[in-house]
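Please keep the sequence and the coordinates at hand while working through them.

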Amino acid sequence: MGQLIVSKFGGTSMGDAECMLRSAEVSFRQGSSLIAVSATSGTTNDLIALGKTAEAQVWPEAEKILTKIESRHRKIAGDLQISGESQKKLEVLFEEMNSLAKGVYLLRDCSTKAMDTLMSLGERMSSVLFAEAMGRVLTKHGSTKKAELFDVRTVLRTDDSFGKAKALTGEIATLCSQYLGFLRDGKRVVVTQGFIGMTEDGFTTTLGRGGSDYSAAILAEGVAADVLEIWTDVAGIATTDPRLCPQAKPIREISFKEASELATFGAKVLHPATLLPAIRKNIPVFVGSSFDSEAKGTWVRKDVEDHPLIRAMALRKKQVLVTLSTPEMLHAHGFLFQIFKIFNDHKVSIDAITTSEISVSVTLDDSTLLNKKLISDLSQIAEVQVEENLSLISLIGNNINHTPGLGKQIFEAISDINVRMICLGASKHNFCFLVNEDQGAEAVRRLHECFIEAGTEEMG
């Protein structure tokens with residue numbers, strides 16, 4: 001009995017018939033048992049635009065978007081020469097898309113619940129097409145396995161937080177055992193959808209943008225997979241964003257803890273929550289490119305062989321620094337509780353934090369989170385200062401908080417760049433600090449040269 005492999009393919013891997021057939025070849029070669037796919041490239045954005053346009057009562061524009069989405073999928077269907085049965089499934093989904101858009105138009109309201117159902121159509125359409133591509137590849141190679149389309153909503157149970165639903169992992173494991181327990185017999189290759197789920201009451205939900213990786217990891221946990229593969233358009237995780245720094249190097253192996261920090265602090269390859277189900281069940285994660293499947297890619301594991309001081313670095317733009325100052329903090333208890341309660345009440349997440357005797361500074365992602373009511377509530381307990389247009393730079397590695405001389409090296413490399421805030425000590429895997437947004441990319445390039453290209457990450 002072989003390994004049970006769960007594979008996920010992103011939107012660019014679903015871009016057209018050629019991409020789908022290439023991805024299906026990768027799945028065949030890897031021996032994937034369960035494959036979760038994203039919507040075809042650009043479709044989710046088009047579906048969001050469709051909902052908003054219909055709600056805004058601009059029906060001619062909404063019809064154009066409907067035609068665009070239908071045409072894209074009909075073209076792939078034609079190129080793949082799909083079966084009559086699959087063509088019928090597509091037509092039903094097109095009809096659902098039309099009806100939903102008309103309903104939004106007539107009601108002049110696209111609720112988060114309606115938007116989730118609308119957005120789910122992207123994955124539901126692409127999976128019909130990919131199941132056909134997978135079937136063709138299996139037949140071509142003379143395989144006795146059958147490609148089977150499966151509605152992930154049957155097993156991926158969530159709460160009703162539409163727009164960013166929470167997965168109910170206990171129920172998912174039970175449902176996976178009930179509906180996907182046959183996977184280990186190796187007779188079928190199951191194609192399903194990423195990104196979407198369903199409530200107890202039968203309403204379609206989405207896990208939030210980037211949630212396809214996460215849903216694949218939830219499924220891997222649910223079916224007790226041996227390996228989770230994330231196939232995208234880049235060959236694994238790099239030491240930093242290659243668009244920022246052409247000298248970025250591929251990382252062959254990285255620990256769960258390092259990869260979690262890297263994802264949380266801005267690396268785009270993995271969705272920040274993706275690794276949680278894999279960590280819970282200690283499932284190794286492989287990240288590779290469906291466009292270059294021969295490239296080595298990156299393995300993310302609990303235990304790795306080498307532990308460099310600096311493994312990688314990330315840049316997170318559009319950061320906001322909020323500083324709260326009051327003499328009442330001095331030797332007083334409960335002040336931090338009050339601050340965190342206010343942020344919690346407004347459902348705003350804090351990234352980094354540092355404190356002095358009478359001040360607390362926190363970083364937030366994107367100034368859109370800073371609504372007037374939040375500032376007003378914070379102003380009740382302290383003087384509030386807000387600084388925008390900042391970037392958070394994170395150095396990810398090992399034993400960072402117990403390595404003498406590291407700070408000296410970092411700040412010498414960026415000696416002419418002002419550092420607005422430093423956060424160190426909470427994790428041995430991360431050292432992060434804020435700089436002005438227009439200096440962020442330059443800071444990353446210099447630090448990458450210092451620690452990765454020069455090889456000084458071996459120090460300590």
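Buried means under 20% relative accessible area, exposed over 50%, and partly exposed in between, with a 1.4 Å probe and protein chains only. Helices (H or I, at least four residues) and strands (E, at least two) are DSSP runs numbered from the N terminus. The model is predicted: local features need pLDDT of at least 70, side-chain atom pairs count only at pLDDT 80 or more, and totals for chains, interfaces and linings use all residues. Residues are numbered from 1 along each chain as its sequence is written, and side-chain values use heavy atoms, with hydrogens and water left out.

**Exercise 1. Determine which residues of helix 3 are buried and how they are arranged about its axis.**

Step 1. Helix 3 has 22 residues and spans 32 Å from its first C-alpha to its last, close to the 32 Å expected at 1.5 Å a residue (the expected span is 1.5 Å times one less than the number of residues).

Step 2. The buried residues of helix 3 are W59, A62, I65, L66, I69, E70, H73, I76, A77 and L80. Viewed down the helix axis, they fall within an arc of 125°, so they line one face of helix 3; the arc is that of the directions from the helix axis to the C-beta atoms.

Step 3. P60, K64 and K75, on the other side of helix 3, are exposed.

Step 4. The cover over the buried residues includes helix 1, helix 2 (43–55), helix 4 (84–107) and helix 5 (112–140).

**Exercise 2. Describe how helix 3 packs against helix 1 and against helix 4.**

Step 1. Axes are lines fitted to C-alpha atoms, for helices over the stretch in contact, and angles run from 0 to 180 degrees between N-to-C directions. Angles under 35 degrees count as roughly parallel, over 145 as roughly antiparallel, 65 to 115 as roughly perpendicular and the rest as oblique.

Step 2. Helix 1 (residues 17–30) and helix 3 (residues 59–80) pack at about 60°, their axes being 9 Å apart. Helix 1 is therefore oblique to helix 3. A17, M20 and L21 of helix 1 meet I76, D79 and L80 of helix 3, where contact means heavy atoms within 4.5 Å.

Step 3. For helix 3 and helix 4 the angle is about 170° and the axes lie 11 Å apart. These two helices are therefore roughly antiparallel. Helix 3 contributes W59, L66, I69, E70, H73, R74 and A77 to this contact, and among the residues of helix 4 are L90, F94, M97 and Y105.

**Exercise 3. State where S289 and K296 lie, and whether each is buried or exposed.**

Step 1. S289 lies in strand 9 and, at 4% relative accessibility, counts as buried. S289 touches W231, T232, D233, V234 and A235, residues up to four places away in sequence not being counted.

Step 2. K296 is in the loop between strand 9 (285–289) and strand 10 (298–301). With a relative accessible area of 60%, K296 is exposed. With the neighbours up to four places away in sequence left out, K296 touches R252 and F286.

**Exercise 4. Give the phi values of N282 and K318 and the location of each.**

Step 1. Most residues other than glycine have a negative phi.

Step 2. N282 has a positive phi near 50°, and its place is in the loop between helix 9 (275–281) and strand 9. N282 is partly exposed, at 42% relative accessible area.

Step 3. K318, which is not a glycine, has a positive phi of about 55°. K318 is found in strand 11 (residues 310–325) and is exposed, with a relative accessible area of 55%.
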